[in-house]
Amino acid sequence: MQTSLQGIANRAKTHSSHRFGNLYGLLNEENLISCFYQLRKNGATGVDKVDFKTYEVNLQENVAALVDRLKRKVYKARLVKRVYIPKGNGRTRPLGILVLEDKLLQLCASKVLNAIYEEDFLKTSFAFRPGLSAKDALVNLSMDLQYGSFGWIIDADIEGYFDNIDHDWLVKMLEERINDKSFIRLIRKWLKAGILEPDGQLLHPVTGIPQGGSVSPILSNVYLHYVLDLWFEKRIKPACEGKVKYLRYADDSVWAFQYRREAVKYLDEMKKRLEKFGLKLSEHKTRLIRFSRFGEDNNDRFDFLGFEFYWDINFKGKPQIKKRTSRKKLQSSIQNFTDWIKINRHKRISIIMKTLKRKLLGYWNYYGIPGNSDSIWCFYNTVVYLTHKWLNRRSGRKSYNWQGMYDLYNDFKIIRPFIKPIKLDGKFEFC
């Protein structure tokens, strides 16, 4: 499959208007079996309750039967089981859990789509792309705002983005690069798949993409690539007199302008542009703010990818962009940890501490950036306090004093907060 994908990528790079056919044929037994072993072995099961190990027992037969249904055009997308995960402040985020065969097909199809569109996506888009991460987006934005001639920021948030993607528009966008009716029809089946709510209610979506499917990230990127990325690059940027900057990570985006009048004008045009494609900006979360190294006391702050961006004076007495954990994200992380330790406090200590070690390591790897020491140490100290509090409620008597708690952390080699410099274009950001 890798050879086929490389050929597709090369063709996409050298022929920007080429429409690809014969993609459906790549969903064959050999490629699907290769993709099968890239699925999560402990992933949640869908409505059919079939897990990785069960499907693997008769893998060849199962995949052969799936390919046969594809060839005879009788394959049907199964129901998507919807669950809700906490998002903070009492809110939840819907997540769709697919049956294993749909996960497998979507993973294979997403590889094909990525081979095509990775050559088309602009440098302004960072989410769900190989070799790029949220940290790359953070540093790229920091560097440009620090040294660019920007004075105003549009902190934009699209309301319910994944639930409001227009299926017909999405298909039209895909057909700009794909000339394979069978492949497009397969994607339509996934878009129209019924959703089973936790209360047993069955929904038949007319818009949106269920978050959780392997193909959802690339489809969501394709949609905003045409709706915003290309539009900004070809229409807005050339029409502006001052410097402009646009950066997007999934549906989170930041727009920087040199002149306020152009920012105001563009914000109004962006609302109309999104409405054309069934989307709208959140009135409560979208703001136009002053943000400049020359703004002094008039500067505001904004959140992006879990961090709060603000201006401060560095040790040389010059204005510098700083980043710290967003207050909302910090409180949400503390609340999530509290819920977890309360529910799991009766498990074996070894299980609790090993899971805690993984949680903290992941937190430090993301939030341990230069300038954010106070926030991550605040989180660590709160975690230690909560661990001490709830492990002492495992029984009627107190199990750990503070020295015993510190010894427990040392015994399991719990890693304390650390700062990891971020590298961009061969240079490290230390502050």
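**Exercise 1. A pair of helices**

The crossing of helix 5 and helix 9 is left-handed; a crossing has this hand if the near helix is turned anticlockwise from the far one by less than a right angle, and is right-handed if clockwise. The model is predicted: local features need pLDDT of at least 70, side-chain atom pairs count only at pLDDT 80 or more, and totals for chains, interfaces and linings use all residues. Residues are numbered from 1 along each chain as its sequence is written, and side-chain values use heavy atoms, with hydrogens and water left out.

Task: State at what angle the axes of helix 5 and helix 9 cross, and which residues meet.

Solution. Step 3: Ser110, Leu113, Asn114 and Tyr117 of helix 5 meet Ile218, Leu219, Val222 and Tyr226 of helix 9, where contact means heavy atoms within 4.5 Å. Step 4: the residues of this contact divide into 6 nonpolar, 2 polar and no charged (Ala, Val, Leu, Ile, Met, Phe, Trp, Tyr, Cys and Pro count as nonpolar, Asp, Glu, Lys and Arg as charged, and the others, Gly among them, as polar).

**Exercise 2. A second pair**

Task: Determine how helix 12 and helix 13 pack.

Solution. Step 1: the axes of helix 12 (residues 349–367) and helix 13 (residues 373–391) are 11 Å apart, at an angle of about 165°. Helix 12 is therefore roughly antiparallel to helix 13. Step 2: this crossing of helix 12 and helix 13 is right-handed. Step 3: residues in helix 12, including Leu356, Leu360 and Trp364, meet residues in helix 13, among them Phe379, Tyr380 and Val383. Step 4: the contact of helix 12 with helix 13 comprises 12 nonpolar residues, 1 polar and no charged.

**Exercise 3. A sheet and its helices**

Task: Give the strand order of the sheet that contains strand 3, and identify the helices against its strands.

Solution. Step 1: 4 strands form an open sheet in the order 6-7-3-8, with antiparallel pairing (two strands pair if DSSP finds at least two bridges between them). Strand 6 (244–249) and strand 8 (287–290) are at the edges with a single partner strand each, so one side of each has no neighbour in the sheet. The twist averages 15° from one strand to the next. Step 2: strand 3 (residues 152–157) and strand 7 (residues 252–257) pair over 6 bridges, and Ile153 has Ala256 of strand 7 as its bridge partner. Step 3: helix 6 (residues 134–147) packs on the sheet, touching strand 3, strand 6 and strand 7, and its direction makes about 165° with that of strand 6. Helix 9 lies across strand 6 and strand 7, at about 175° to strand 6.

**Exercise 4. Confidence**

Task: Where in the protein is confidence lowest, and where is it highest?

Solution. Step 1: the mean pLDDT is 92, and 97% of the residues reach 70 or more; pLDDT is the predictor's confidence in each residue, from 0 to 100. Step 2: confidence is lowest in strand 13 (residues 427–429), at a mean of 47, and highest in helix 7 (residues 167–174), at 97. Where pLDDT is low, the predicted coordinates should not be read in detail.

Notes
Helix = DSSP H or I, 4+ residues; strand = E, 2+ residues; numbered from the N terminus. Axes fitted to C-alpha atoms, helices over the stretch in contact; angles between N-to-C directions. Parallel < 35°, antiparallel > 145°, perpendicular 65-115°, else oblique.
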